[in-house]
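The sequence and the structure come first.

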Amino acid sequence: NKVWAGSVTGGIWYNNDITDPLSSWQPVDDFMASLSVSVISYDPNNSQIFYAGTGEAPTAIITYRESSGRGVGIWKSINGGESWNIIPSTQEFAYVNDIEVRDENGNSVIYAAVTSGKYMGEDYNSQPTDGLYRSTDGGESWEQVLPNITDLDIPYAPADIEIGTDGRIYIGTMRNIDGEGGATILYSDEGTAGSWTKNEEYKTIIENGYGQYYLPGRVMISSAPSDENIVYAIVGAGYLNGFGYYHGPFVLKSTDKGETWEQKNIPDNAANWASLSWHAFSID
């Protein structure tokens with residue numbers, strides 16, 4: 001019944017018995033090098049191994065206020081979350097949006113969505129680049145596996161990682177620090193460099209002007225646990241009016257494992273729906 005939670009301003013917390021209303025939440029360490037925790041994941045082959053990504057990338061953009069926290073890489077626990085240490089090879093990852101661990105023939109392979117952003121008026125570029133980083137040795141070494149943004153020589157900035165029931169990896173992108181590469185969906189069955197199929201259909205629709213929207217935003221993805229063929233995505237889009245305003249004009253469904261997508265209805269009062277898609281935007 002023990003539950004773990006990460007906070008983008010308060011670090012890592014746990015509750016020893018979530019079923020007990022009198023069981024309180026406890027912080028792991030109020031003095032960790034970064035209390036900006038964006039994601040927690042665990043190893044499906046060893047439930048004692050946890051990973052926590054740091055840095056709040058969705059808010060690390062120019063908007064009406066500064067609210068992001070810069071990260072320090074990925075924390076790792078090998079004792080069920082009792083103690084945590086930074087993985088040294090990740091200390092140049094300024095913002096980690098997502099982490100997934102995939103069982104690949106009995107080997108636990110880590111995938112980390114790494115991007116860059118702005119903090120306190122300065123640019124913080126993840127090194128060596130943005131991208132999806134893959135590790136087969138528990139985080140000791142990494143390989144960036146995503147293709148470059150179309151017509152550019154830099155990789156996509158991944159906002160979300162989703163692993164389907166059949167193991168297919170889906171990636172939803174976001175605009176990078178220079179405003180490039182948003183609203184793109186990629187998938188791969190191997191998860192390795194050169195194995196990705198990308199879909200820029202909705203990126204193109206937004207860039208050509210979809211009502212008031214012309215800035216491709218974040219893509220968040222969720223797969224149906226009951227059917228490996230069904231995948232859902234929400235796509236953000238924005239416009240400039242002094243500041244960047246982002247909404248969620250697209251709800252998409254795929255019935256062929258991400259090869260094609262069909263636009264679905266969005267909730268009523270659509271003009272105000274997902275009006276914080278640059279920040280608060282999730283699907284499950």
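## Overall fold

Of the contacts in the protein with a separation of 6 or more, 52% are made by residues 24 or more positions apart, where contact means heavy atoms within 4.5 Å. The model is a predicted one, in which local features need pLDDT of at least 70 and side-chain atom pairs count only at pLDDT 80 or more, while totals for chains, interfaces and linings use all residues. Residues are numbered from 1 along each chain as its sequence is written, and side-chain values use heavy atoms, with hydrogens and water left out.

The protein has one helix and 21 strands, taken as DSSP runs numbered from the N terminus (helices: H or I, at least four residues; strands: E, at least two). Its radius of gyration, taken over C-alpha atoms, is 18 Å, which agrees with the value near 19 Å that a compact globule of 284 residues would have by the rule of 2.2 Å times the number of residues to the power 0.38.

## Strand E12 and its partners

Strand E12 (residues 131-135) is mostly covered, with five of its five residues buried. Five bridges join E12 to strand E9 (residues 107-115) in an antiparallel arrangement, in which Ala 112 stands opposite Tyr 133 of E12; strands count as paired if DSSP finds at least two bridges between them. E12 also pairs with strand E13 (residues 143-144), again in the antiparallel sense, over two bridges, and here Glu 143 of E13 is the bridge partner of Arg 134.

## Aromatic pairs

The structure holds 12 aromatic pairs, counted when the ring centres of Phe, Tyr or Trp (its six-membered ring) lie within 6.5 Å, with planes under 30 degrees apart called stacked, over 60 edge-to-face and the rest tilted. The rings of Phe 50 and Trp 84 have centres 6.0 Å apart and planes at 50°, so this pair is tilted. Because Phe 50 lies in strand E5 (residues 46-54) and Trp 84 in the loop between strands E6 (74-77) and E7 (85-86), the pair ties together parts that are 34 residues apart in sequence. Both Phe 50 and Trp 84 are buried.

For Phe 93 and Trp 142 the centres are 6.0 Å apart and the planes at 70°, so the pair is edge-to-face. Phe 93 counts as buried at 2% relative accessibility, as does Trp 142 at 18%.

Conventions. Buried means under 20% relative accessible area, exposed over 50%, partly exposed in between (1.4 Å probe, protein chains only).
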